[in-house]
Amino acid sequence: MKATVTVMLKPGVLDPQGKAIAHALGTLGFAGVNDVRAGKVIELELTETDPDRARAQAEDMARKLLANTVIESFRVSVDG
Amino acid sequence: MKAGIVLFPGINRERDMAIALQGSGVSPRMIWHKETELGDLDLVVIPGGFSFGDYLRCGAMAAQSPIMEAVRAHAQRGGYILGVCNGFQILTEAGLLPGALLRNASLRFLSMDCHLRVERADTVFTSRYQKGQTFRAVMAHGDGNYFADEDTLNRLDAEGRVAFRYATQGGDITPEVNLNGSARSIAGILSENRRILGMMPHPEDLVDPLMGGTDGKPLFDALAAA
């Protein structure tokens, strides 16, 4: 089944990339963008078929490698 | 002093590091990341570069390489470890030093000289410098913005574990010379036992008059004498 891990910088960690994107959106004429945060999406195709176990596996992977929990938080969603 | 330089795919500063060590009388052995033994080394050096193409996060892949288990054991035995630039990033990703290196606040890759203020001269890395003096080093990084939470920063300060800060040539700490945006202008930190040093700028770039200066040489001389 498919697990999707979304990794974002924690609130309070400066996201210069997000700031640059916000600036570029303003330059393009998009008004009313108050803040932009940029992160990563990692899709995992797992052999596991039980959603709870698949989620637990993906969370373990996120903690050990996919996210650096010093600076990043993550969330996992499972489907398929 | 028996030294080894750990090599990951994408590391490109290993020869400069070897030249710097040789200049101080140490002949380092190159150690491929797939090896699992370090032998009887006193010093492990993780040089700069772009290990594994900086995929996922700088240093994230290297930190999981087979050799890192041996590097961890070396650290636990109280061995010396020097990580420069990508090497510093790898040490934080491996959990051997606290904090993380974020994208430079300017989003720009910084390739230029900087001045580092020596925060303590009673470590094996800094004993040939004077406390409070500055020396010139070369920065060459896109992700050198040191980050740690407030508690960790306070602990680093309280325990005297900041080795170097970005400073003016005269030794003043100002936002203008903290080009990558590092927390508290931190350029290098030490482990609790002060036997592991991670730093972003390259001391190995200035170890011979032919390179334009010898400001980095005292660090290698001090290590060689340890």
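These legends describe close-up views of a predicted model.

**View 1. The contact between chain A and chain B.**
Chain B brings 13 residues to the contact, and chain A brings 16 residues. Together the two chains bury about 1,200 Å². Carbon and sulfur atoms account for 69% of that area. The rule finds 4 residue pairs in polar contact across this interface, both residues being at pLDDT 80 or more. On the side of chain B that touches chain A, 7 residues are nonpolar, 3 are polar and 3 are charged.

**View 2. The salt bridge between the chains.**
How many salt bridges are counted between chain B and chain A? The count is 1. B:R57 supplies the nitrogen side and A:E72 the oxygen side. Their closest N and O atoms are 3.6 Å apart. This pair falls under the salt-bridge rule because that rule asks for a side-chain nitrogen of Lys or Arg within 4 Å of a carboxyl oxygen of Asp or Glu.

**View 3. The sheet of chain A.**
In chain A, 3 strands form an open sheet. Their order is β2-β1-β3, and the pairing is antiparallel. The edges are β2 (39–45) and β3 (72–79) of chain A, each of which pairs on one side only. Direction ignored, neighbouring strands of this sheet are turned by 20 degrees against each other on average.

Strand β1 of chain A covers residues 2–9. This strand pairs with β2(A) in the antiparallel sense over 7 bridges. A:V5 has A:I42 as its bridge partner in β2(A). Helix α2 of chain A, residues 51–66, packs on the sheet. The helix touches β1, β2 and β3 of chain A. Its direction makes about 155 degrees with that of β3(A).

**View 4. The sheet of chain B.**
Here 9 strands of chain B form an open sheet with mixed pairing. The order runs β2-β1-β3-β4-β11-β10-β9-β6-β7. Which strands lie at the edges? They are β2 (29–32) and β7 (134–141) of chain B, and each pairs on one side only. The twist averages 25 degrees from one strand to the next.

**View 5. A parallel pair and a helix in chain B.**
β1(B) and β2(B) pair in the parallel sense, with 4 bridges. B:V6 stands opposite B:I31, which is in β2(B). Helix α3 of chain B, residues 86–93, packs on the sheet. The strands it touches are β3 (43–46), β4 (80–84), β10 (186–190) and β11 of chain B. The direction of the helix makes about 120 degrees with that of β4(B).

**View 6. Strand β6 of chain B and its partners.**
Strand β6 of chain B spans residues 110–118. It is joined to β7(B) by 8 bridges, and the two run antiparallel. There, B:R117 has B:T134 as its bridge partner. β6(B) also pairs with strand β9 of chain B, residues 162–167, in the antiparallel sense over 4 bridges. In β9(B), B:Y166 is the bridge partner of B:L116.

**View 7. A salt bridge within chain B.**
Over all chains, the structure holds 21 salt bridges. One joins the side chains of B:R13 and B:D205, at 2.4 Å from N to O. The pair links distant parts of the chain, 192 residues apart. B:R13 is in the loop between β1 (3–7) and α1 (14–23) of chain B. B:D205 is in the loop between β11 (196–199) and α5 (217–225) of chain B.

How values were computed
Residues numbered from 1 in each chain as written. Chains lettered and ligands numbered in written order. Predicted model: local features only at pLDDT ≥ 70, side-chain atom pairs only at ≥ 80, totals over all residues. Heavy atoms only, no water. Contact = heavy atoms within 4.5 Å. Buried area = accessible area lost by both parts, 1.4 Å probe. Polar contact = N/O pair within 3.5 Å; in protein donor to acceptor, adjacent residues only side chain to side chain. Nonpolar A, V, L, I, M, F, W, Y, C, P; charged D, E, K, R; others polar. Pairing = 2+ DSSP bridges. Axes fitted to C-alpha atoms, helices over the stretch in contact; angles between N-to-C directions.
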